[in-house]
Amino acid sequence: MKLYQTDQDVLNFSSRIKSVSEEKDGVLITLKNTYFYPEGGGQPADQGTINGYEVLDVFADDEEIYHKLASFSGLTINMPVECTISKERRNDHSIQHTAQHVLTAVLKDSFGIETVSFHMGRAYSTIDTDVEVKEEIILQTEKAVNDFIGEDLPVSAYYRDKWNLGDIPLRKDVQVDSNIRIVQIGKIDWCGCGGTHVRSLKEMRLFKITAVEKYKGGSRIYYMAGDRAFHYISEMEETVSLLKKELEVNLDELPFRVRSLVQERDDYRKQTAVLMNQLAEAIAETYQDDVVVEETPHDDELIRSIGSHMVNKGKIAVFYRPDGRIFVFTGKKADAKEIIKKAREEFRFRGGGGATLQQGVIELPEEISPFISKIYESLLRLEI
Ligand SMILES: [Zn+2]
């Protein structure tokens, strides 16, 4: 039995150093007794200090618990040490972990959905389910978890051996036969678990599912509880307030306003595309020669549109901008790669394309003019 399991309220304790071993990036320490929680079962490790030195990580290996410190000096075997576990981090982990038990219980007992894995992260926690969870189930699940918080169900932990489990309805089979640690929540959940938990559900205060996505044939559910959930809701509130102010609407009008703005934007995009095409065609019409080499102020999209209109009329066009952007439109009249070949050999040109269009950038401004001259020479040799 681990001390963090039998007495999880102990966050300050005295101990003695059992072993010290130096690693590449720090030092590993074992203690005669420790209340630190080592990473495991989806729950991250505790943090804190040992004689003032920061504990970066805690992990278990073969029944031994290792504490990783970034640095130390003067820590020797058998030396007495004072240890402190970060209360805020432990409480937060206990809250998120207990929330997972309740979430898993509600999904299974109300909807027959199994939890296949659990992960607790710095910002949010997730569970993965065996089947996809529909939106209406998510809403009902979130409400059910919060209802259990409202009922303030007690959470207890006790030990049993496999032969005297009696009628305890363990949610999942356990790997060990003796000293099975059972974590019970009210009359809704019995689970073999070695993690830390709250004493009663009121400590969770609030539960919020923040996102659901498809994952490996099931769903990945992101959730938060306790302070994390309050912070999340405050941030949402702030964002919504900004949007309400910006769009000058009430909360209930917000979705409709956003939808109509998106519709308006799509309509404008369509109109703009039609007008841009007409503009490109009109600009292309202004060129009388069959081969055009010219500096242009237009953006890439308009240049491409003008070029395609010119190619359609059987013309060759080379457009370049003062920022070094260059387009060579040849259509089927010539091989754009050939036209640009000589120029590329002499100057630094980043780009490429096919036989009908080459595009790219001349990196040095002073090379634009000689680069264009080289292209011009190639065009003259075409004898069009
Ligand atoms: Zn647990």
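The domain assignment, an automatic or database one, divides the chain into domain 1 (3-85), domain 2 (91-227) and domain 3 (276-381). The model is predicted, so that local features require pLDDT of at least 70 and side-chain atom pairs count only at pLDDT 80 or more, whereas totals for chains, interfaces and linings use all residues. Residues are numbered from 1 along each chain as its sequence is written, and side-chain values use heavy atoms, with hydrogens and water left out.

The C-alpha centres of domain 1 and domain 3 are separated by 68 Å. The C-alpha trace of the chain spans about 95 × 60 × 40 Å along its principal axes.

Of the 384 residues, 42% count as buried, that is, under 20% relative accessible area with a 1.4 Å probe and protein chains only. Among contacts (heavy atoms within 4.5 Å) in the chain with a separation of 6 or more, 58% come from residues 24 or more positions apart.

A zinc ion is coordinated by His97 (NE2), His101 (NE2), Cys193 (SG) and His197 (NE2) at 2.0 to 2.1 Å. Donors are N, O and S atoms within 2.8 Å of the metal (3.2 Å for Na, K and Ca); water is not among the atoms, so sites may look incomplete. The angles among the four donor atoms are 101 to 125°, and the site is tetrahedral, a term applied to four donors if all angles lie between 85 and 135 degrees. The donor residues follow the spacing H-x3-H-x91-C-x3-H in sequence. Distant parts of the chain are linked by His97, in helix 2 (residues 87-111), and His197, in the loop between strand 11 (189-192) and strand 12 (207-215), 100 residues apart. His97 is buried, at a relative accessible area of 2%, and His197 is likewise buried, at 5%.

Leu302 is located in helix 6 (residues 300-312) and is buried, with a relative accessible area of 6%. Neighbours within four places in sequence excluded, Leu302 contacts Met276, Leu279, Ala280 and Ile283. Met276 lies 26 residues from Leu302 in sequence, with a C-alpha to C-alpha distance of 7.0 Å.

Conventions
Four donors count as tetrahedral if all angles lie between 85 and 135 degrees; four count as square planar and six as octahedral if opposite donors are over 155 degrees apart and all others between 65 and 115; anything else is irregular. Helices (H or I, at least four residues) and strands (E, at least two) are DSSP runs, numbered from the N terminus. Buried means under 20% relative accessible area, exposed over 50%, partly exposed in between (1.4 Å probe, protein chains only).
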